Amino acid sequence: MSLLVVGLSHRSAPVSLLERAALAEDAQAKLLHDTVAVEPATEAAVLATCNRIELYADVDKFHAGVAELSTLLARHSGVGLDELTPYLYVHYEDRAVHHLFSVACGLDSMVVGEGQILGQIKESLATAQELHTAGRLLNDLFQQSLRVGKRAHSETGIDRAGQSLVTFGLEQLSSGAPVGDWAKGKRALVIGAGSMSSLAAATLARAGVAEVVIANRTLERAERLAQILTETDDTDVSARAVPMETVPHELTRADVAVSCTGATGLVLTAEAVTEAVEGRMGGPVTPAVRSVPAPATRSARTAGPSPVRDEPASAGLGGEDGCPLDVAAVQGTAGFSVAGEAAVAGMATTELEQHAVWVDKGAVEERGGRAAAVGAAVLDPEAEAEVISALVATVATSGRIPERRRPEQAVEIPRPAPVLSLLDLAMPRDIDAAVHRLLGVRLVDIESLAEASADAPMATDVDQVRRIVADEVAAFGAAQRAAHITPTVVALRTMAADVVANEIARLEGRLPGLDHKHRAEITQTVRRVVDKLLHAPTVRVKQLAAEPGGAGYADALRTLFDLDPETVASVSRADDTKRTENTENAENRGRA
């Protein structure tokens with residue numbers, strides 16, 4: 001086994017980068033085909049969710065595989081390799097198995113313990129099987145990961161540790177209130193009809209919303225989902241399907257909207273959301289611009305905090321009383337800008353201090369014939385020697401004297417209660433991030449969910465799940481190593497059977513009068529002798545091969561018995577064909 005995984009997730013990369021690197025379905029298919037076409041890889045599968053992009057492959061060379069898979073991810077995601085590389089992680093062999101099993105159990109999810117990742121792993125395997133890029137290793141790996149995930153959820157309380165991303169997002173929208181109380185009686189709009197959107201619709205229905213409207217590009221899928229919601233026994237929600245072009249109208253009626261589509265562009269722009277809520281807000285929803293005056297426009301005689309103004313002051317620099325700077329003189333100095341970090345040249349020390357005090361917004365008072373700022377910080381030559389040296393070096397290099405400015409106190413503008421709550425679960429995002437600034441609107445997206453989940457508590461059951469993962473990784477590795485030597489053992493027994501058959505045929509040629517009874521007895525005796533001679537070595541070699549480092553026993557067996565490599569390969573191919581047929585039959589039974 002030479003399993004390699006290269007990927008990035010919400011744990012390794014910022015959400016903004018994940019959004020840019022998101023792969024559409026056709027891009028995933030092209031990535032899989034290109035991966036198995038390169039030399040190091042023989043199998044490939046892609047696990048792409050809203051918060052991870054991972055490429056799994058069976059490779060024969062580690063370093064070449066890492067380089068090739070990283071390059072392919074960069075090429076198909078459209079993010080430059082240099083930009084992508086710092087955020088990529090690499091797992092190999094048992095570590096790669098451990099990673100996927102942890103993912104399947106929900107340990108690596110944004111919301112620990114969520115179970116919807118199992119459906120996404122199943123879809124990834126189905127895609128690789130459909131495109132014929134998954135062979136024995138990845139089929140075994142992904143199918144076993146599904147079993148491990150189900151075992152973790154059935155044997156532990158990991159479900160209590162986390163929840164679905166939908167539920168977590170709704171909890172963020174409800175701002176701490178119980179989701180059932182917050183959602184009761186609301187009108188909900190769900191954009192999309194995929195697995196995540198279906199989960200969102202079902203969650204909202206169970207939470208007690210009065211109506212769920214499903215909008216999707218394929219109206220039939222939306223109608224099917226609406227019918228399922230209507231026929232569900234544990235809810236009495238009203239559900240209906242609408243085409244995508246009616247979303248702007250439906251948005252004007254909705255109290256909460258959830259969007260999770262595969263669109264490559266924005267589904268809801270800030271303008272569309274603005275139009276949807278302006279009527280309900282009774283006025284503009286864009287916050288008014290509130291600013292403070294430029295630092296250099298305040299008079300040194302002004303005391304107290306700076307008043308907040310609705311419009312920026314129009315007075316020019318030096319236009320107020322108390323400014324000791326000769327604006328005209330400095331503006332005439334080539335290369336200096338008064339509006340920026342004004343470099344003061346040719347001014348006396350007293351004037352420099354007066355100017356610094358005025359910029360620093362301190363009241364000026366005379367101390368020993370020199371101006372000083374009341375409350376202004378004074379550099380201690382001994383304690384601040386490094387700072388003073390740095391300032392001197394800056395002035396010597398740039399010819400500018402840096403101005404120290406106190407930051408203006410931020411003014412928090414009160415926001416009205418939201419009339420529209422938006423949950424964006426798509427990657428890349430469906431809803432314009434500028435919606436965050438609109439009054440009366442609350443937006444929760446993948447980025448804000450990542451920040452909120454960073455402080456989410458972990459359940460004690462997580463430790464138990466980790467032990468399950470560790471046990472399953474060891475068992476999977478042993479099974480794979482044992483399976484690796486099985487074709488060699490089969491080839492050895494086939495060779496032994498051929499030897500017995502040839503010797504019996506030779507015996508019949510030398511003893512043509514041998515009757516059938518004696519010939520059968522001799523044949524059975526020779527076979528028993530061969531079986532007994534091979535039993536202990538083959539059983540032992542399987543045991544040894546299942547242990548870590550046991551991959552070399554297959555090579556030793558082939559060398560000792562001079563087995564034909566093509567015979568071993570043919571056994572492997574026959575085994576792969578049988579596995580594929582069994583998998584397809586199982587899938588057909590599931591569809592039926």
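**Stop 1: Gln 116**

Select Gln 116. You are in the loop between helix H5 (94-104) and H6. The model on your screen is predicted. Is Gln 116 buried or exposed? Gln 116 counts as buried, because its relative accessibility is 19% and the cut-off for buried is under 20%.

Along the chain, Gln 116 and Ser 164 are 48 residues apart, yet their C-alpha atoms are separated by 6.7 Å. Which residues touch Gln 116, leaving aside its neighbours within four places in sequence? Show Ser 164, Leu 165, Met 196 and Leu 199: Gln 116 is in contact with these.

**Stop 2: the nonpolar core**

Keep Leu 165 selected. Leu 165 belongs to the largest nonpolar core, a set of 67 residues. Next, colour helix H11 (residues 195-207). H11 gives the most to the core, with seven residues. In soluble globular proteins, nonpolar side chains tend to be buried together.

There is also a second, separate core, with 33 residues. Pick out Leu 3, Cys 105, Leu 107 and Leu 125, which are among its members.

**Stop 3**

Go back to Leu 425. Hide its neighbours within four places in sequence and look at its other contacts. Among them are Cys 50, Leu 165, Val 166 and Met 196. The list also includes Val 258, Ser 259 and Cys 260. Ile 446 and Leu 449 touch Leu 425 too.

Now show what covers them.

**Stop 3: a cis bond**

Stay with E11 and E12. Select Pro 428, found in the loop between these two strands. Look at the peptide bond from Met 427 to Pro 428. This bond is cis, with omega near 5 degrees.

**Stop 4: helix H12**

Select helix H12 (residues 219-231). Draw a line between its end C-alpha atoms. They are 18 Å apart. At 1.5 Å a residue, the 13 residues of H12 should span 18 Å, so the two values agree.

Which residues of H12 are buried? Select Ala 222, Leu 225, Ala 226 and Leu 229. They cover an arc of only 100 degrees around the axis, which puts them on the same side of H12. H11, strand E6 (211-216) and strand E7 (238-243) are included in what covers them.

**Stop 5: strand E3**

Select strand E3 (residues 52-59). Eight of its eight residues are buried, so E3 is largely enclosed by the rest of the structure. Check one side: Arg 52, Glu 54, Tyr 56 and Asp 58 are all buried. Then check the other: Ile 53, Leu 55, Ala 57 and Val 59 are buried too. Both faces of E3 are covered.

Now bring in the partners of E3. Strand E1 (residues 3-9) pairs with E3 in the antiparallel sense, over seven bridges. Find Gly 7, opposite Glu 54 in E3. Strand E2 (residues 41-49) also runs antiparallel to E3, and eight bridges join the two. Glu 43 stands opposite Asp 58 in E3. A hairpin of two residues joins E2 to E3.

**Stop 6: two loops with positive phi**

Select His 132, in the loop between helix H6 (117-130) and helix H7 (136-155). Its phi is near 60 degrees, a positive value in a residue other than glycine. His 132 is exposed, with a relative accessible area of 68%.

Then move to Ser 175, in the loop between H9 and helix H10 (179-183). Ser 175 is not a glycine, but its phi is positive, about 55 degrees. Ser 175 is exposed, at 57% relative accessible area.

**Last stop: the whole chain**

Zoom out. The protein chain has 22 helices and 12 strands. Buried residues make up 42% of its 592 residues. The chain exposes about 30600 Å², and carbon and sulfur atoms supply 53% of that.

How values were computed: Residues numbered from 1 in each chain as written. Predicted model: local features only at pLDDT ≥ 70, side-chain atom pairs only at ≥ 80, totals over all residues. Heavy atoms only, no water. Buried < 20%, exposed > 50% of the residue type's maximum accessible area, 1.4 Å probe, protein only. Helix = DSSP H or I, 4+ residues; strand = E, 2+ residues; numbered from the N terminus. Pairing = 2+ DSSP bridges. Core = buried A, V, L, I, M, F, W, Y, C linked by side-chain atoms within 4.5 Å. Contact = heavy atoms within 4.5 Å. Expected span 1.5 Å × (residues − 1). Arc of directions from axis to C-beta. Areas by Shrake-Rupley, 256 points an atom, 1.4 Å probe, with all protein chains shown as cover.
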